[in-house]
Amino acid sequence: MSAAPSWAASAAASAATSGLAVPAASGDAFGWKGVARDGAARAGVMRTAHGPVATPVFMPVGTAGTVKAMTADGVRSTGAAIVLGNTYHLMLRPGPERVQALGGLHRFMDWPGPILTDSGGFQVMSLGALRTLDADGVTFRSHLDGSKHRLTPERSIRIQHALDATITMAFDECTPYPATPEQVAASMRLSMRWAERSRQAFVARAGYAMFGIVQGGTDAGLRAESVAALRAIGFEGYAVGGLAVGEGQAEMLRVLDATVPLLPPDRPRYLMGVGTPDDLVASVARGVDMFDCVMPTRAGRTARAYTSRGVLNLRNARHAGDPGPVDAACGCTACRRHSRAYLHHLFRAGEMLGPMLLSEHNIRYYQDLMRGLREAIVRGDLEAHSAAVRAEWEAGKEGQGSALDPPGAAPLDRHT
Ligand SMILES: [Zn+2]
């Protein structure tokens with residue numbers, strides 16, 4: 001048994017007692033390693049400076065340094081291994097310098113695990129009349145107070161560095177949908193120039209990564225051109241952006257079919273802003289490893305529960321006297337400790353515990369769904385498993401009549 005040097009032990013003890021962030025234990029490089037394949041689907045492990053992440057993985061969205069209505073412990077209790085933060089929101093409030101001075105986003109939000117940050121591009125583009133785009137970057141007015149700001153690839157990467165993002169996203173223009181083929185091509189090529197500038201601005205550190213973002217709308221040729229441009233630059237991971245913006249699931253899957261096979265097989269693949277449980281099942285089958293979406297938390301705040309038997313609206317009167325759990329297959333706090341009737345009461349009474357409990361439940365459901373897919377890939381029966389999951393959603397639909405209302409998230413408002 002080898003004793004650790006006493007200075008190391010005392011440094012660690014002093015860091016622990018002083019509340020300082022303990023440095024990453026390993027200087028290992030960032031990487032993704034496949035452990036199993038089933039058709040195009042992959043199960044793997046992503047290694048990062050802030051711990052490993054089993055893939056495929058769903059990343060809860062913590063836009064402004066919090067997964068809305070959830071404590072960090074609550075997020076951890078769902079099995080989530082990595083969360084998102086957002087450059088746009090955090091640059092406006094409280095500001096990247098303040099987050100950095102307070103020890104970085106991990107310490108600020110009590111999430112020592114991996115954090116991926118959006119580049120801010122998507123939110124800035126969503127501002128519409130409040131922003132002007134030029135070849136160098138975007139000037140925009142804050143949605144909070146109207147103050148003027150500017151984001152360029154270099155500024156976005158500097159902010160993500162100050163936040164201490166484990167995974168930094170390249171700054172891109174999320175191509176509007178619909179758009180003319182000329183607009184899509186020009187937008188994609190601008191994003192590829194920005195990807196090059198983003199890469200140059202990125203400070204490489206062991207266990208940290210930058211992902212490039214494939215654009216090109218629904219045009220397979222432009223998507224292929226975008227992949228080639230990004231591969232020439234070289235990134236630790238590759239994201240597919242510009243989807244789930246109103247094109248519909250069939251079109252989105254067609255784009256994935258044309259794009260995912262072109263991505264390097266040894267790097268993680270991230271489908272941005274997607275999606276419904278069915279979107280995740282369909283995309284995992286196509287070889288996507290990482291997802292984020294506000295649907296589970298937003299739905300949770302509006303009384304909608306994703307369950308193994310479809311979507312429930314807990315405001316519905318038929319739950320008012322129901323002593324059963326939201327989902328008998330779920331181990332979250334709401335399902336272990338409370339009845340549908342109690343959840344119904346909380347939402348009817350406008351009590352904040354309702355959104356808290358249902359946000360945790362929905363994130364837990366997404367985590368359980370992804371774990372099920374991962375295990376099915378390892379077993380080699382993803383197709384049968386996915387069919388069984390979908391059959392159960394359908395069976396619930398028949399039994400529950402009108403309970404299966406659509407989640408109703410506006411696609412362009414998906415990051416809050
Ligand atoms: Zn639950």
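Select strand 1 (31-38) and strand 2 (residues 41-47). They pair in the antiparallel sense over seven bridges. Strands here are DSSP runs of E, at least two residues long, and helices are runs of H or I, at least four long, all numbered from the N terminus. Two strands count as paired if DSSP finds at least two bridges between them. The model is predicted: local features need pLDDT of at least 70, side-chain atom pairs count only at pLDDT 80 or more, and totals for chains, interfaces and linings use all residues. Residues are numbered from 1 along each chain as its sequence is written.

Pick W32 next. Its bridge partner in strand 2 is M46.

The three strands make an open sheet, ordered 1-2-3, with antiparallel pairing. Neighbouring strands are turned by 15° against each other on average, direction ignored. Axes are lines fitted to C-alpha atoms, for helices over the stretch in contact, and angles run from 0 to 180 degrees between N-to-C directions.

Select helix 15 (residues 353-379). Helix 15 lies across strand 1, strand 2 and strand 3, running at about 115° to strand 2. Contact means C-beta atoms, placed from the backbone, within 7 Å. Check the length: 27 residues at 1.5 Å each should span 39 Å, and the end C-alpha atoms are 38 Å apart, which agrees. The expected span is 1.5 Å times one less than the number of residues.

Is helix 15 mostly covered or mostly open? Mostly covered: 20 of its 27 residues are buried. Buried means 20 or more other C-beta atoms within 10 Å of the residue's own; exposed means 12 or fewer, and partly exposed lies in between. Step just past the helix to G380, where phi is positive, about 85°.

Next, show the largest nonpolar core, with 114 residues. Such a core is a set of buried Ala, Val, Leu, Ile, Met, Phe, Trp, Tyr and Cys residues joined through C-beta atoms within 7 Å. M59, I82, V83, F211, A239, F291 and L343 touch the most other members. Helix 15 gives the most to this core, eleven residues. Domain 1 (31-294) and domain 2 (299-405) both contribute, so the core lies between them. Those bounds come from an automatic or database domain assignment.

Centre on F211. Its contacts include I167, M169, F235 and Y270, leaving out residues up to four places away in sequence.

Finish at strand 15 (residues 304-307) and strand 16 (residues 310-313), antiparallel and joined by four bridges. A hairpin of two residues links them. Y306 stands opposite V311.

Key
Two residues are in contact if their C-beta atoms, placed from the backbone, lie within 7 Å.
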